Amino acid sequence: MRAALSLAQRGLGLTAPNPTVGCVIAKDGRVMGRGVTQPGGRPHAEQVALAQARAAWGAEALRGATAWVTLEPCAHHGRTPPCADALAAAGVSRVVSTVEDPDPRVRGRGFAALRAAGLEVTTGVLADEALALNVGFFTRLALGRPHVTLKLAAALDGRIATASGESRWITGPAARARTHLMRARSDAVLVGAGTARTDDPMLDVRLPGLEGRRPLRIVADGGLSLSLMSRLVRSAGERPLLLMHREGAARERRDALRALGVEMLPTGDRNGELLLSDALARLGARGVTRVLCEGGGRIAAALLRDDLVDEIAWFAAGAVLGADAAPAVGRLCVERLANAPTFTLSSHERLGGDTLSVWTRPLPGLRWSPA
């Protein structure tokens with residue numbers, strides 16, 4: 001199952017709105033086929049593994065084999081026949097899996113179909129690892145919005161830029177490489193308008209071998225202040241760019257940006273501030289499962305105030321910038337400690353001269369039980 005989970009990890013950022021799934025088929029101690037959900041969500045991992053096994057060993061060799069699958073095999077007819085039926089028809093005698101697929105079209109029906117066909121089914125194997133791997137998929141189905149990771153790169157005192165505005169680079173090459181890996185595994189990368197104007201970023205993936213990954217780039221820009229000459233806008237024809245904006249934003253500005261290939265997302269607002277809950281719900285409706293927010297302080301605070309942050313990735317550098325420097329998180333107006341957003345430390349590691357701490361909070365309703 002660990003091998004299957006490792007396979008599934010390769011599909012992060014490529015399979016939305018579907019989960020990324022890994023499948024390993026073996027018999028008599030010999031691996032016959034491996035598969036991972038393909039880009040765009042089709043074909044599924046089980047179909048890929050079965051095809052590989054047939055090509056290498058022949059169809060008859062599959063009889064009596066065991067399939068390890070990182071999520072319940074599907075049981076509904078979509079673009080392809082159900083994977084549960086395909087495993088049974090191939091002669092696989094045993095399926096080992098993790099958790100139920102929460103999709104209402106599946107939700108236990110795949111396991112039931114396998115058992116009805118006479119296969120032995122074992123569930124709950126490495127369930128927590130499977131939930132963590134596809135947390136974006138589970139979040140979207142449970143809450144109707146993508147899973148949100150707030151990434152912050154700050155000095156020891158939580159500052160992200162000097163008093164003069166200098167911010168490149170607070171953290172070192174290893175930390176920046178990890179950020180690019182996080183982008184590659186996300187469906188979308190989000191920044192606030194201030195960060196977009198100040199840093200003029202590309203928000204692309206620049207890791208060797210992963211340059212083809214193209215997460216949706218999003219800027220929360222209520223007044224559509226982003227320059228038409230910014231790198232984000234100038235590259236919109238090649239890499240997708242979406243601007244969240246107030247519904248009353250100037251029509252001329254919207255038309256000019258659309259003409260350059262920028263997608264518009266009209267969003268409700270509260271006292272001039274974008275309703276990020278509304279925007280995230282719309283992203284969830286279009287199939288986005290994982291959003292990486294890279295700041296700045298204003299949008300970080302807005303997400304935290306509205307209880308929309310599921311995970312914080314805190315990159316810390318060994319420097320101190322002082323109270324006159326820009327904070328990683330803007331004003332939260334927390335008057336009592338009991339009202340502060342709280343997270344639990346999930347992991348901590350050293351990256352060159354910096355550290356990365358990942359803080360998480362439980363997703364409501366995200367539990368597994370043997371099926």
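## Helix 11 and what follows

Helices here (H or I, at least four residues) and strands (E, at least two) are DSSP runs, numbered from the N terminus. This is a predicted model, where local features need pLDDT of at least 70, side-chain atom pairs count only at pLDDT 80 or more, and totals for chains, interfaces and linings use all residues. Residues are numbered from 1 along each chain as its sequence is written, and side-chain values use heavy atoms, with hydrogens and water left out.

Helix 11 itself covers residues 276–285, and its buried residues are Leu-276, Ala-279, Leu-280, Leu-283 and Gly-284. Looking down the axis, those buried residues fall within an arc of 140°, so they line one face of helix 11. The arc is that of the directions from the helix axis to the C-beta atoms. Buried means under 20% relative accessible area, exposed over 50%, and partly exposed in between (1.4 Å probe, protein chains only).

## Cis prolines

Ala-16 to Pro-17 is a cis peptide bond, with omega near 5°. Pro-17 sits in the loop between helix 1 (2–9) and strand 1 (22–27).

Arg-42 and Pro-43 are also joined by a cis peptide bond, omega being about -10°. You'll find Pro-43 in the loop between strand 2 (30–36) and helix 2 (45–57).

## Positive phi without glycine

Asp-28, in the loop between strand 1 and strand 2, is not a glycine, yet its phi is positive, near 55°. Asp-28 is exposed, at 74% relative accessible area.

Leu-224 isn't a glycine either, but has a positive phi of about 55°. Its loop runs between strand 9 (216–220) and helix 9 (231–234). Buried or exposed, then, for Leu-224? Buried, at 2% relative accessibility.
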